[in-house]
Amino acid sequence: MSESDTHPAATTRKRLSFLAFVEHTRVSSNRSLGLQEGLELFEYAEDLGYDTGYVRHRHLETYLSSPFTFLAAVSQRATRIRIGTSVTPLRFEQPVRLAEDAATLDLLSEGRLELGLSSGYAATESTFSQAFGEIEGDDIRALVDARLSSFLVALEGRTVATAESDLSFAKAGAELTVQPHSPGLRDRVAYGAGGGTSAKKTGTRGLRLQLSTLNTEIGELGFEDTQAQSIRTYREEHAKVRSSPSFASVSRAIAPFDSTTERAELEWLLERDAERAANVGEGPLPFQFGRVAHGSGEQIAEALIDDAGIHAADELVIALPFDYPAETQRRILRQFAEDAAPHLPFLR
C-alpha cells in the first residue's frame, strides 16, 4: 500500500468539479451572450451534481477579467454548487481590496467561495506592465509574496490600519480591519502550484493546493506520480502550521465521445495532446502536460482510475477546453458525470 493510499482522500468520496473559460464576448444591447452562457453552465453543472465550479481569471483577453462579479451573479442563480477561481493572479491585485471583494462574495454565496490564487504572467510581464504598472525591482515573486501576506492579514480580520485621528466611524487610535469579514473563508484559500517546490511553499503558508493539467518541474517520475509526490510534500508542511485539514485538487482534461461526429468535434484537443506527449519539455513552454483521457465514459474512467495524482487529492476538476461552443462544454460535463463518474469508485 502506498503512502497516498493511507490518506483519507484515498478512501472517502472526492469532490467532482469543473474549470471553465467564461467569455465576456458577443455583446449587444448591453448584454453579453458569453457571460449568459457562463451562468447557464453553472446551473447545468449544479443539476448534474458537480460540487464546485471554477473559472479562469484573465486580463486583457476575451475571458473573465472580473470573476468575482460574475460569481456573485452565479451565487444568486445556482444555490448549491461551490464557486471559485483557478486562479486569480496576485500580480494584478491590491490585497486589501481583494480581501473586501472576496469576503463580500463569500457572504453573498453563504460560504461557498473557493478562492484560488497564483502569481501572474512572468513571461509576458513587459506587456502587462504597460497596463498595470511596472514592478519596482522587477521581482514578481517578491511582490506576490508580499501581497499574499497582506491579503491573508486582511482576510483573517487582523489590523490593516490605525485611525490617526477621530473619524466618523472610529476614535483616534482604533485598530481598523477589513469589512466585511467572512470567518470561514481563510480555510478555503488555495494557491496554484506548478511543481513540488511551490507545492511545499503552499503547505508552509497553510493554504489549500491547486494543481493543474501541467507541471512546470519535469523530474524522473511521470506526470501523475509527480503530482502525487507534490501533494504528499504539501500535506506534510501544511500539518506543521495549521490544525485545519489540508486540501488538494488536481485538474484533468477529457475528450468524451460516443460517435465519429463527437470525436471530430474534439480532434484539436486530441492532436494537441499527442504533440505534447511527443515533445515533453520542449518548445516555448518546457512543461510536462497530463494526457487527455478520451473515448467513451468507460474508457475515460479506465484512464483515470489508477491516476496517482487523483488518488492523492481531495478533488478532481474537469478542465473544460477553451474556444468551444457552449453546447460542447455542457456535453463534456454531462458525459463525464453520467458515463464516466459511475465507474470511478472515488467519486461514488
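Is F92 buried or exposed? F92 is buried, with a relative accessible area of 11%; buried means under 20% relative accessible area, exposed over 50% and partly exposed in between, using a 1.4 Å probe and protein chains only. The model is a predicted one, in which local features need pLDDT of at least 70 and side-chain atom pairs count only at pLDDT 80 or more, while totals for chains, interfaces and linings use all residues. Residues are numbered from 1 along each chain as its sequence is written, and side-chain values use heavy atoms, with hydrogens and water left out.

F92 forms an aromatic pair with F128. Rings of Phe, Tyr and Trp (its six-membered ring) pair if their centres lie within 6.5 Å; planes under 30 degrees apart count as stacked, over 60 as edge-to-face and the rest as tilted. The F92 and F128 pair is tilted, at 5.4 Å centre to centre with 50° between the planes. F92 lies in the loop between β5 (82-89) and α3 (95-108) and F128 in helix α4 (residues 125-132), so the pair ties together parts that are 36 residues apart in sequence. Helices (H or I, at least four residues) and strands (E, at least two) are DSSP runs, numbered from the N terminus. F128 also counts as buried, at 9% relative accessibility.

A search of the whole structure finds nine aromatic pairs. One of them is F21 with Y63, tilted at 4.8 Å centre to centre and 55° between the planes. F21 sits in the loop between β1 and β2 (27-28) and Y63 in the loop between β4 and α2, 42 residues apart.

The next element is strand β1. Six of the six residues of β1 (residues 15-20) are buried, so the strand is largely enclosed by the rest of the structure. In a regular strand the side chains alternate between the two faces of the sheet. In β1, R15, S17 and L19 are buried on one side, and L16, F18 and A20 are buried on the other. β1 pairs in the parallel sense with strand β16 (residues 315-319) over five bridges; two strands pair if DSSP finds at least two bridges between them. β1 also runs parallel to β4, with four bridges joining the two. F18 stands opposite I318 in β16 and opposite G53 in β4.

F18 leads on to the core. A nonpolar core is a set of buried Ala, Val, Leu, Ile, Met, Phe, Trp, Tyr and Cys residues joined through side-chain atoms within 4.5 Å. The largest one here has 78 residues, and those with the most contacts inside it are F18, F42, Y50, F70, L117, F151 and F336. Helix α5 (residues 140-155) supplies the largest share of this core, seven residues. F18, F42, Y50 and F70 form one aromatic cluster. Leaving aside residues up to four places away in sequence, F70 touches V22, L35, G38, L39, F42, V55 and L64, where contact means heavy atoms within 4.5 Å.

S66 lies in the loop between β4 (52-55) and α2 (67-77). At 36% relative accessibility, S66 counts as partly exposed. The side chains of S66 and T69 are joined by a polar contact of 2.7 Å; such a contact is a pair of N or O atoms within 3.5 Å, and within protein one must be able to donate a hydrogen and the other to accept it, with residues adjacent in sequence counting only if both atoms are side-chain atoms.
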